[in-house]
Amino acid sequence: MNIIETAHVSYDYIRHDEEGNVEGCTRAVSDVSLSVRQGEFIAILGHNGSGKSTLAKHINALLLPTEGTVFVDGKDTGQEENIWEVRQSAGMVFQNPDNQIIGQVVEEDVGFGPENMGIPTKEIWERVEESLRAVGMYAYRKHSPNKLSGGQKQRVSIAGVLAMHPKCIVLDEPTAMLDPNGRKDVIRAARALNDVEKVTVILITHYMEEVIYADRVFVMDGGKVAMQGSPREVFSQVDRLKQLRLDVPQVTLLAHELQKSGLPLPDGILTVDELTEELGKCL
Amino acid sequence: MSLKLEHVSYMYGSDTTLAVRALCDINLEIPDGQFVGLIGHTGSGKSTLVQHLNGLLAPTQGTVTYNGRDIWGKDFPKKELRSKVGLVFQYPEHQLFEVDVFSDVCFGPKNLGLPKEEVEARAMRALKLVGFPEEYYKQSPFELSGGQKRRVAIAGVLAMQPEILVLDEPTAGLDPRGRDEILGQIAHLKEETGISVVLVSHSMEDVANYVERIIVMSGGRILFDDAPRKVFGHVRELEEVGLAAPCVTYILHRLREKGYLVDTGATTVLEARDTILEALRKKRGEERHRC
């Protein structure tokens, strides 16, 4: 079953002058039709201004399409009565770890979402515990969020979304402000949600290394989906990605460079193991 | 020109019961025209260190000297130091505020009390150095893309004509091309003007590609201070303190385990390519020999 279904979605940002008259509009998303199956791990790539965050905000009805429709778990986000259900099915985590946490204590912060949904107290605590365990932050449940590192804060934010039992979670550049360890922990947590809890994950990122585990990759450019496919299919096209202001993982880039120097390597090598194996064949 | 830290320690809240030691016995010197990378996990003391470089924080112990003079000495012109050591904070575009790009860059030199012609000449030069297109000089800085805004913010610091430029994660949140453009421009700027650059970064690949010296911070101390290939040779120690080596370093180590005679000190993709090709050639030669 498709958890997300967008049909011909376009979105215009409208600029107003000081009197409130329309000054102009910018089409940020343009005629995007895509569907995501329940349980998939999706990555969205794209340069700054390509429309990927705008598209992502449609998935939990933070933005409503100017044209076209978005269905989340069978509910039309354009219908006002669906909004709360949509936001419960699709949670969102943003880039900056410092402006998504509101609680004084980690477990209170994670409990905020389910509390607002009117969940009975006993169940809230159960959810808080399982969510914190899922992201590996249970040991910190009594800590103050201020004292956590960026990566730990992001994992608390993810737990906060998870406690609402969403079917789908959208991560909008969750690792952009983190150090290498924080980045690894957050990505590990996201993959575990997908593998173990079967939550659909939509990851927006500028780090190409984080994408290689995805089931499918969408590349955005000028508000449209410019490329899509498995990570291997997408990363095979090194030059095309560079044109779109993107990159490929370093292993893939190294393989590409070796290929250009005349080694008979296949396109789209994604891991160190594949590279060593293929080099073995070149002897 | 040289900036020197000797036995610098710093405690946050040193006169309270909650004192936390953030820096411990730091010794380092930043000479003319060097491109230095500063890495360390969150909380390792990088930012505290950076704030010592232009006198935003005073060391609890030890001295900071600029051209041999103690910057915390009584008659030291601290205002001058702040224009000599320029700091670009994370997300500097949040600090833009003027009505157009050009005025924003003029703000710093104007506050130095320079004549108008000099202020404008400096702003012009700074914007050129960061590769900002002239047709947008009169545009509001808020209508620019993320990468362009960041250029304007960096130009604002350059217009002060610093001798040392310190950048705290100048590429956070930029797409890969934007990242390469900004870093390329900074490297070019360093060549052009001969200033020293200190780049604080979480990306080992970026550091490996651009700098000539890496300072690794951990627990408020300097763990390593050496050339990239030497620093990234300590893969295990780096991982222990929450860092990593560039991705290619791992590839080369793996190939070495498999018996390829690659140079594991290579830290960039092109260096790695060359050493792999070389190793393959050798290996082929060997096999032929055996036959």
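The model is predicted. It scores ipTM 0.79 and pTM 0.84. Chain A gives 31 residues to the contact between the chains, and chain B gives 36.

**Confidence**

- The average pLDDT of chain B is 90.
- In chain B, 99% of the residues score at least 70.
- Where pLDDT is low, predicted coordinates should not be read in detail.

**Chain B as a whole**

- Chain B holds 11 helices and 10 strands.
- Its C-alpha trace spans about 80 × 55 × 30 Å along the principal axes.
- Of the 291 residues in chain B, 43% are buried.
- Take the contacts in chain B with a separation of 6 or more: 62% of them join residues 24 or more positions apart.

**Where chain A touches chain B**

- The contact involves 31 residues of chain A and 36 residues of chain B.
- On the chain A side, three helices each supply at least two residues: H6 (180-195), H9 (250-260) and H10 (272-281).
- H9(A) provides the largest share of that side, with 6 residues.
- By class, the chain A side has 13 nonpolar, 12 polar and 6 charged residues.

**A helix pair across the two chains**

- H10(A) packs against helix H10 of chain B, residues 247-257.
- Their axes lie 10 Å apart, at an angle of about 45°.
- The crossing of H10(A) and H10(B) is right-handed.
- From H10(A), the residues in contact are A:Val272, A:Leu275 and A:Thr276.
- They meet B:Tyr250, B:Ile251, B:Arg254 and B:Leu255 in H10(B).
- This contact has 5 nonpolar, 1 polar and 1 charged residues.

**A helix pair inside chain A**

- Helix H3 (residues 106-116) and helix H5 (residues 150-162) of chain A have axes that come within 7 Å.
- The axes of H3(A) and H5(A) cross at roughly 35°.
- H3(A) and H5(A) make a right-handed crossing.
- H3(A) contributes A:Val106, A:Asp109, A:Val110, A:Phe112 and A:Gly113.
- Facing them in H5(A) are A:Val156, A:Ala159, A:Gly160 and A:Val161.
- By class, the contact of H3(A) with H5(A) counts 6 nonpolar, 2 polar and 1 charged residues.

Technical notes. Residues numbered from 1 in each chain as written. Chains lettered and ligands numbered in written order. Predicted model: local features only at pLDDT ≥ 70, side-chain atom pairs only at ≥ 80, totals over all residues. Helix = DSSP H or I, 4+ residues; strand = E, 2+ residues; numbered from the N terminus. Buried ≥ 20, exposed ≤ 12 C-beta atoms within 10 Å, placed from the backbone. Contact = placed C-beta atoms within 7 Å. Nonpolar A, V, L, I, M, F, W, Y, C, P; charged D, E, K, R; others polar. Axes fitted to C-alpha atoms, helices over the stretch in contact; angles between N-to-C directions. Left-handed = near helix turned anticlockwise from the far one by under 90°. pLDDT = per-residue confidence, 0-100.
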